[in-house]
Amino acid sequence: MYDSINQIIKEEKEKKTPFWKLVQLDDCHESETTVKESMTEVLKIYKAMKESVANYEDSLKSQSGLVGGNGAKIHKRVKSGQMICGEFMGSVIEKALKVSESNACMKRIVASPTAGSCGVVPAVLLSLQEKEGFSDDKMCEALYVAAGIGGVIASKASISGAQHGCQAEIGAASSMAAGAAVYLYGGNGSDIANAAALALKNLLGLACDPVAGLVEVPCVKRNVIGAVNAITSADLTLAGVKSRIPADEVFEAMNKIGRNMNADIKETAEGGLAATKTGNRIKESIKIK
Amino acid sequence: MNLFDIIGPVMIGPSSSHTAGAVKIGNVARRLLGEDVKKADIYFTGSFLSTGKGHGTDKAIVAGLLGLAVDDTDIPHSFELAEKRRMKFEIKAGEDVENHPNAVRMKLTGVTGRKIEVMGNSVGGGRIEICEIDGVETSFSAESPTLIIQNEDKPGYVAEIAPILVKEHVNIATMQLHRKKRGAVAVMVIECDQEIPESCIKALKKLNGVLEVAYLTMRGIE
């Protein structure tokens, strides 16, 4: 994987090869696969994302009973035209909830980049495909863009909540989705980087503080903010709003912040929301014998 | 890390470490046993013990021992499946000193009576480490074809084993040597770039002083 967004932008100009193609070729070289095999695999992943939304069950509850049914609530409100943020953003919120609730209920999802943040990328990409009618091939190209961004984040910082907190999971997912969204609207490498930078900047410092140590509270609802934030970052970028700090430097800042975070807010369930009065009460009530 | 570690894996939730990682550990233990599991004693420690139930770690490890893949929709029903396939299992709290936050020890008996004891850690993002086999410390990720050879702890085994692999054009990616104590049983863990042919494994088993050869194939594994 690439370890610098600037490097991808540079090669895009020099080799006159688009961002997504560079990411694809680089991975094919690394894993000794053909372009065709790689494309087939990415299409499989995209289809699995679609299924993770389609297979949502309104009545499912997680093992702990904390999570389930919220995707259905939003669906109802979107359908009746009541969403304050409108139908499109409503459908983004709905999908983010559906996929991450399904994850909590032991259904099949695509970790992108992690299981805890699995709702963000599908919510953004699937909603944009529905809205604009992009082909599946085009959506796969957008997935390569997302993977390219995620790869750089993993290399410069981390995509693990246990290492760098939630900024490394929901933050990374949001950054990946923002770049992919901009690509779908004709953005080049610099635009992709701009959207990725804007998205992650908004989520820097986010703690990983899961109640009772489960991928449920607050993870499920944070997928919503990750997805919505990706869309706003894409819109800002497409309108010409520039991030003053370049993407690579934002990722490096995330790394430093992650290193400085206390262990109690890095997935240990000892701090933040997990350590609140209610968080502790929930933990006690679902304890295993 | 490759592209499909970032966009992927396709898996059953909720947690790459506590669910997908646990399935993988169970699956690798079963393949190390080399046959269907008849009886499994499973010992959880660390975060597997404290948050395992909420993450479905118990169902995931049983699913793995039954040979299910990380994206198999039967994972949540693995207990019922175990009953159907007559695999007995018990899940208990482990007594291991916490060497890793997500750890499990498995004592397995196969359908022909073969026994193995495997300990695995889930190290994040669905990646795992097998850290002990039959009481001897190991360290491998089970992401490439892996040979695990137990032999008498005497000089010369590396020199004898390497040519057998060379002859089949198998490239060694990593090689580790472990032992409990000097002169006792030694374990050689060899991670390879290519699959190792059956004939090669047979030849290794015939070597004087080689006590046990287990082979972890990647065939049929995504």
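The expected span of a helix is 1.5 Å times one less than its number of residues. I kept that rule handy for helix 10 of chain A.

**Ground rules.** I'm working on a predicted model, where local features need pLDDT of at least 70, side-chain atom pairs count only at pLDDT 80 or more, and totals for chains, interfaces and linings use all residues. Residues are numbered from 1 along each chain as its sequence is written, and chains are lettered from A and ligands numbered from 1 in the order in which they are written.

**Helix 10, length.** Helices here are DSSP runs (H or I, at least four residues), as strands are (E, at least two), numbered from the N terminus. I looked up residues 189-201 of chain A: 13 residues should span 18 Å, and the end C-alpha atoms of helix 10 are 18 Å apart, which agrees.

**Helix 10, burial.** I call a residue buried if 20 or more other C-beta atoms lie within 10 Å of its own, exposed if 12 or fewer, and partly exposed in between, with C-beta atoms placed from the backbone. In helix 10 of chain A, 11 of the 13 residues are buried, so the rest of the structure largely encloses this helix. Among them are Gly189(A), Asp191(A) and Asn194(A). The cover includes helices 1, 2, 7, 9, 11 and 12 of chain A.

**Helix 10 against helix 12.** I fitted axes to C-alpha atoms over the stretch in contact, with angles from 0 to 180 degrees between N-to-C directions. The angle is about 25°, with the axes 8 Å apart. That makes helix 10 of chain A roughly parallel to helix 12 of chain A (under 35 degrees; over 145 is roughly antiparallel, 65 to 115 roughly perpendicular, the rest oblique). Contact means C-beta atoms, placed from the backbone, within 7 Å.

**Helix 9 against helix 10.** In chain A these pack at about 150°, axes 7 Å apart. They are therefore roughly antiparallel to each other. Helix 9 of chain A brings residues including Gly171(A) and Tyr183(A) to this contact. I get 10 nonpolar, 4 polar and 1 charged residues there.

**Chain A against chain B.** I find 36 residues of chain A in contact with 29 of chain B. Helix 7 of chain A gives the most to the chain A side, with 6 residues. That side divides into 20 nonpolar, 11 polar and 5 charged residues.

Note on methods: Contact = placed C-beta atoms within 7 Å. Nonpolar A, V, L, I, M, F, W, Y, C, P; charged D, E, K, R; others polar.
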